[in-house]
Structures are given as C-alpha cells and as structure tokens.
Amino acid sequence: MKETVLIERLEDGLARVILNKPETGNAYDDEMICTLVTALDDLADDATLKLVWLSGKGAHFCSGPDRQWLARREGVGRPEHQQDAEQMSRLLETLYQFPVPVLLTVRGDVNAVAVGIASCCDMVLASDRTSFCITESLFGQVPALSSPYLYKALGERAAKYYSLTGEIMDAYTATRLGLVHRLVPGDELEAVATVLARGILSRSQDALRVTKATFNLVANEPYDESLLETMIECSADIRLTQSETLRQRRHHGRSTIIEPKND
C-alpha cells in the first residue's frame, strides 16, 4: 500500500516530512491526517532533532480535502465528524507547538485546512506561482479548526476577509500579509530551502527550541509581570547553559594539548 506521508532523514538534526499523494494534488483524508500526527509525535521524541521540513510531492502542496473521502463521509453520524475534527485539530496544534522549528515549502495549490497548516509553521517559503484559498465557506463549511492560526498569521481583518469571501490569495499577497516569509522562483525553491535549513542546523539546539517556545508563550499569554519574570528566568538559564558549554569546550581543548617532554 502506498505511503501517504514520507519521512526522510538527509542530514543530522533534519527530518523531512513529505505529503505523498501527487496524483490528487496531495488532497488530505483521515488516513493522511492520522499518519501526519503519528509521524510528528514520533519526531518530537527525537532528542537530536533541530528542524522539520514539511513539503508536498508533485505540483501542489495540498489541494484541499480528498473528494472520495468527503463522499465516504456523507451520511455518517456526529461521532465520525467529531473524530475527524479532533484529529485535524491535533495536527494543527502539534505543528504549532512542535518543539523545534518547522520549515514549510509550498508550490501550486494550498487550499482549505492546508492554509491553516501553513499558518502553524514557523517559516514558509513559497514558489512565486503558489496560490492560497480558504475554501470552507464556498462549500457551506467553516474554517473553525484553522481560525486561531489564521488569525495569528494573517491578522483579524485579512483572516476574516479571505475566510468569508473564499477569494484566492496569490503568493505576493500572502507574502505581504505575512503568511509567506519568502517568495522563490519555482525551480529554485528546493535549493533556497536547503541553504536556509543548513543555516538553521548550524545553530544551537537549545537556542532553537527555547526561542520557539518563548515566542509561542509570548503570543498566547498576557503581557504582565509573570510573563516578564518567566522571560528573565529563561534568559538567565540559557546564558548559564551557554557559559557552561563554552567552559567545557575550553577545558576539553586544553586537555588535548600534548606537553613537550624534557629529554
């Protein structure tokens, strides 16, 4: 049976997660969602990991929900729909709260919940021909699961506009609004992302993990004395860890020096 999600480990500290249904534009169904959640849960336990790179095989990152899956869901009861919603919600939350940075590269169509997925990732690179569409309202649905992340990525006004109208957002508009960080010619997307990934891999693992956790906390907690105290403690802890690491490196360096012997 064909795997709908591929996991590749090309370099130390890097895991690449690839949607693998190019014949349907990587349209998602319950199997793909569940597989993605399981894969991310496994990767989160990897103490050596520094970066996850998410992408899709073929011409499109994700064209939206799989039509055959939707047809199979017609007539099912609330428990099945509840289960689907819980799994998708878990996927989005897992991406947003993932312990290391998540880099996303997209091309072609990015539709429906896939726009929410993009909103959950820390860095988004897009081909200049990529298009985004929050399609739920076009089919009588609501982007409820994606809404917290669309709000964070696009802001209230833009999130409402594109969710209510279902209007296509081209790559340039998505970049202007903050959903995409860098636009890249399609034939250069892989190369540019590789350079960016290798730069991140050169960073301290602690710095990467704590930086992401810090911004997630700041984005979701009230700005008050408690938050400031937490940030002070975080800064002090990282400085202490860095200082100890440098001390150990210097000590290790001195211990490897061979002293000349007196004849």
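Start with the side chain of K212. One of its polar atoms lies 3.0 Å from the backbone oxygen of F98. A polar atom of that side chain also lies 3.5 Å from the backbone oxygen of L95. Keep in mind that this is a predicted model.

So where does K212 sit? K212 lies in helix α9. Is K212 buried or exposed? It counts as buried because its relative accessible area is 7%, and the cut-off for buried is under 20%. What surrounds K212, once we leave aside neighbours within four places in sequence? The contacts are L95, Y96, F98, V100, P101, V102 and D122.

Now the helix itself. Helix α9 covers residues 205-220, which is 16 residues. From first C-alpha to last, α9 reaches 23 Å. That is close to the 22 Å expected at 1.5 Å a residue. Which residues of α9 are buried? They are L208, K212, T214 and N216. What caps the N-terminal end of α9? S204 does. A side-chain oxygen of S204 lies 3.3 Å from the backbone nitrogen of D206.

Step back to the whole chain. The protein chain has 263 residues, and 40% of them count as buried. There are ten helices and nine strands. Along the principal axes, the C-alpha trace spans about 90 × 50 × 40 Å. Take contacts between residues at least 6 apart in sequence: 70% of them join residues at least 24 apart.

How confident is the predictor? The mean pLDDT of the chain is 91, and 94% of the residues reach 70 or more. One stretch to flag is residues 254-263, where the pLDDT is below 50. Beyond near neighbours in sequence, residues 254-263 have zero contacts in the model. Where pLDDT is low, the predicted coordinates should not be read in detail.

On to the sheets. Six strands form an open sheet, in the order β1-β2-β3-β4-β6-β9, with mixed pairing. The edge strands are β1 and β9, each pairing on one side only. From one strand to the next, the twist averages 20°. Helix α1, residues 30-44, packs on this sheet. Helix α1 touches β1, β2 and β3, and its direction makes about 180° with that of β2.

Look at the β1 end. Strand β1 is residues 5-8, strand β2 is residues 14-19, and they pair in the antiparallel sense over four bridges. V5 stands opposite L19 in β2. The hairpin of β1 and β2 has five residues between the strands. Within that hairpin, G13 takes a positive phi near 90°.

Move along to β3 and β4. Strand β3, residues 51-56, pairs with strand β4, residues 102-106. The sense there is parallel, over three bridges. Which residue of β4 does L54 face? L54 stands opposite L104.

R182 lies in strand β9, residues 182-184. R182 is partly exposed, with a relative accessible area of 41%. Leaving aside neighbours within four places in sequence, R182 is in contact with V124, L125, A126 and V192. How far is R182 from D12? The two are 170 residues apart in sequence and 25 Å apart in space, C-alpha to C-alpha.

There is also a sheet of three strands. This open sheet has the order β5-β7-β8, and its pairing is mixed. The edge strands are β5, residues 109-111, and β8, residues 169-170, each pairing on one side only. Strand β7, residues 131-133, runs antiparallel to β8, and two bridges join them. F132 stands opposite M169 in β8. Which helix packs on this sheet? Helix α4, residues 113-120, does, touching β5 and β7. The direction of α4 makes about 95° with that of β5.

Terms used. Residues numbered from 1 in each chain as written. Predicted model: local features only at pLDDT ≥ 70, side-chain atom pairs only at ≥ 80, totals over all residues. Heavy atoms only, no water. Pairing = 2+ DSSP bridges. Contact = heavy atoms within 4.5 Å. Axes fitted to C-alpha atoms, helices over the stretch in contact; angles between N-to-C directions. Expected span 1.5 Å × (residues − 1). Buried < 20%, exposed > 50% of the residue type's maximum accessible area, 1.4 Å probe, protein only. Polar contact = N/O pair within 3.5 Å; in protein donor to acceptor, adjacent residues only side chain to side chain. pLDDT = per-residue confidence, 0-100.
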